[in-house]
Amino acid sequence: MVKERQIGAIATAKCDEQFNEKRFPGIVDAAYGQLCASFFAFPAQFFIETLVEDPQGRGLITSPSVSPENPHAFGSSLVAGPAMDRQILRDLFTHTLEAARILGQDTPLLAQISAARQRLAPDRTGGQGQLQEWLEDWDTQAPDQRHRHVSHLYAVYPSSQINLRDTPELVQAARTSLDRRGDFATGWGTAWRVCLWARMGDGERAYSVLKGLTGPMRTYPNMFDAHPPFQIDGNFGGAAGMMEMLVQSWGGEVLLLPALPAAWQHGTVKGIRARGALSVDLTWRDGQLTALRLAGPPAARVRLRYRGKLSEVVLDSQGRFVAYSALGV
């Protein structure tokens, strides 16, 4: 059963990845919605049929399962209801329902998915203020306190279930967990930490970890990621982390320079893709945004957040928006 659940989890993660890929170019239309609804239905139904009630009444959980590659203090990795499972399933169910909404579908399975999503065991904060990796508060007893995996922080990145806007208390718990794990890991593990610190708005910490990732311990002279002999995840993840420091798009908003470190006082970046079929060009000087160009669907409304201030702009008939100086955002 553990093997079947692992296969189901892989399929679920792939579904979420595919859905987000289509959100960026903005082609989550009826045709793609039909594909999503069919593609997502299989793993969603699998987990609807295999989720179980937590005996202590904390909600629906997966069991048996594991928190990837990280053993707990009791001589095994086998557990019930690890955080990453619940977080991935929350995304799967949400995306399945969104695809169905696009299609105007209303089926008994969708009603089950909606009910199950509401009943998934929530993320929990442990006694040391950390985001719990397991349903039980075992984190401080785990044999490897600096483990390369940070699976329970999936909800921060690549998901956005835990974020500064909506769940600041859980962000603080995630920070505590990440502090305990340390900044140095394998190449891909270090890259993930860059992305996580960026999502939590800490540009200085993200930059410090990024320097470690691109230093001689984790990057070869040819710029390949030094996860012996080589692993492309560190390269792709590092690039993703740099983009997250400059532009983020989640929760219906585009965040501008959300984790800009002091070392990047001046700069220009072009063509960053954001959800909603948007392309973003930015210029900044002395740490201040000085120019913004957006390209996307004509007449699209775009919610922008800069330094905590939220505003909405409308793209013109050519799908463009340009602002300089104070920007008004």
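Predicted model: local features only at pLDDT ≥ 70, side-chain atom pairs only at ≥ 80, totals over all residues.

Let me begin with an open sheet of 4 strands, in which the order is β7-β8-β9-β12 and the pairing is antiparallel. At its edges stand β7 (267-274) and β12 (320-324), each of which pairs on one side only, and from one strand to the next the twist averages 15°. Residues are numbered from 1 along each chain as its sequence is written, and side-chain values use heavy atoms, with hydrogens and water left out.

A word on terms: helices (H or I, at least four residues) and strands (E, at least two) are DSSP runs, numbered from the N terminus, and two strands pair if DSSP finds at least two bridges between them. Strands of a sheet pair through backbone hydrogen bonds, either parallel or antiparallel. In this sheet, β7 and β8 (residues 278-285) pair in the antiparallel sense over 6 bridges, and R273 stands opposite S279 in β8.

Now to another open sheet of 4 strands, with the order β5-β6-β10-β11 and mixed pairing. Which strands stand at the edges here? They are β5 (247-250) and β11 (309-314), and because each has a single partner strand, one side of each is left without a neighbour in the sheet. The twist in this sheet averages 25° from one strand to the next. Strand β10 (residues 301-306) and β11 run antiparallel and are joined by 6 bridges, and R303 is found opposite E312 in β11. Helix α8 (residues 232-246) packs on the sheet, where it touches β5 and β6 (253-256), and its direction makes about 85° with that of β5. By contact I mean heavy atoms within 4.5 Å; axes are lines fitted to C-alpha atoms, for helices over the stretch in contact, and angles run from 0 to 180 degrees between N-to-C directions.

Helix α8 also brings us to the helix pairs. Two packed helices are described by the angle between their axes and the distance between the axes. The axes of α6 (residues 187-199) and α8 come within 8 Å and cross at roughly 10°, which makes α6 roughly parallel to α8. Angles under 35 degrees count as roughly parallel, over 145 as roughly antiparallel, 65 to 115 as roughly perpendicular and the rest as oblique. Among the residues that make this contact are W188, A191 and V194 of α6, and G234, G237 and G238 of α8. By class, the contact of α6 with α8 has 7 nonpolar, 5 polar and 3 charged residues, where Ala, Val, Leu, Ile, Met, Phe, Trp, Tyr, Cys and Pro count as nonpolar, Asp, Glu, Lys and Arg as charged, and the others, Gly among them, as polar.

How, then, does α5 lie against α6, roughly parallel or roughly antiparallel? These two helices pack at an angle of about 150°, with their axes 11 Å apart, and that makes α5 roughly antiparallel to α6. The contact is made by R175, L178, D179 and R181 of α5 together with R193, L196 and W197 of α6, and by class it has 3 nonpolar, no polar and 4 charged residues.

Finally, the loops. Most residues other than glycine have a negative phi, and most peptide bonds are trans. With that in mind, please find S63 and P64, which are joined by a cis peptide bond with omega of about -5°; P64 lies in the loop between β2 (60-61) and β3 (65-66). The peptide bond from Y157 to P158 is also cis, with omega near 15°, and P158 sits in the loop between α4 (108-119) and α5 (168-181). A299, in the loop between β9 (288-295) and β10, has a positive phi near 70° although this residue is not a glycine.
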